[in-house]
Amino acid sequence: MSCGDTITTDTTLDSDLVDCPSNGIVIGADGITLDLNGHTISGDDEPFEPCPDDEPCDIGVLNDGHDAVTIEGGTVRDFGPGVGIVRAKRNRVRHLAAVGNTFEGIFLFRSARSRVQGSSASRNGIGNSRPGIALIESDNNRITGNTMSRNGDLGLYLEAADQN
C-alpha cells in the first residue's frame, strides 16, 4: 500500500504510511472496510500545490460518494483535513485518532446516517479556526463517545445539519 492509493476491497494496513504528499488513502467502492490496524497515515504537513480545481487534495482518508464504508483503528495526522466523508450514507468512523491536521480532523459533507464513535480529534485546525469534527449539510448522523481537545475552534461544529 502506498500514499494516494484507491482501495476497492477490504484493506488492513500492515505498516504506517508516512509523509504522503497529497491524499493518504482514497475509498473507491461501497461496503468496504479500511482497518488501519493501529498504524498511522501521515501527510508531509505541507499543502499540496497546485491542487486541480476538480480534485480533492491533501486529505488523509477520503470517501467521496461511497456508502456503507468503515474506517477504523489508527491515526490520521498532518494533512489538510484528516478524514473526509463526502456525499455518502451509512459510513462508520470508529476508534480513530485525527491529530494535528491543518483543517478539520474528521468531516462529513452532505452525508447521512453515518456514525463517528469512540474516536478522538485533537490539535486540528490550529491557526485556521477549524473544529475537531464537523458536519456540514449532513443529516441523521450519530457522533458518540468521542473526545475532542485543543482544536483551533470548536470541538464539534454543525452547519445546516439536522437531526444529528
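## Sheet and disulfides at a glance

Seven strands make up an open sheet here, running in the order β1-β4-β7-β9-β11-β14-β17 with parallel pairing. Keep in mind that this is a predicted model. Searching the whole structure also turns up two disulfides, one joining Cys-3 to Cys-20 and one joining Cys-51 to Cys-57.

- As a reminder, strands of a sheet pair through backbone hydrogen bonds, either parallel or antiparallel.

**Cys-3 and Cys-20**

- The sulfur atoms of Cys-3 and Cys-20 are 2.1 Å apart, and the two residues form a disulfide.
- The torsion about their S-S bond is about -70°, so this disulfide is left-handed.
- Cys-3 belongs to the segment before β1 (5–7) and Cys-20 to strand β3 (residues 17–20), so the bond ties together parts that are 17 residues apart in sequence.
- How accessible are the two ends? Cys-3 counts as partly exposed because its relative accessibility is 28%, whereas Cys-20 is buried, with a relative accessible area of 0%.

**Cys-51 and Cys-57**

- Cys-51 and Cys-57 form a disulfide too, with their sulfur atoms 2.1 Å apart.
- This link is right-handed, with 90° about the S-S bond.
- Cys-51 is partly exposed at 32% relative accessibility, while Cys-57 has a relative accessible area of 14% and is buried.
- Why does Cys-57 count as buried? Its relative accessible area is 14%, and buried means under 20%.

**Both links together**

- Number the bonded cysteines of the protein chain in sequence order and the pairing reads 1-2, 3-4.
- For handedness, the Cys-3 and Cys-20 disulfide is left-handed, and the Cys-51 and Cys-57 link is right-handed.

Note on methods:
Residues are numbered from 1 along each chain as its sequence is written. This is a predicted model: local features need pLDDT of at least 70, side-chain atom pairs count only at pLDDT 80 or more; totals for chains, interfaces and linings use all residues. Side-chain values use heavy atoms; hydrogens and water are left out. A disulfide is a pair of cysteine sulfur atoms within 2.5 Å. Helices (H or I, at least four residues) and strands (E, at least two) are DSSP runs, numbered from the N terminus. Buried means under 20% relative accessible area, exposed over 50%, partly exposed in between (1.4 Å probe, protein chains only). Two strands pair if DSSP finds at least two bridges between them.
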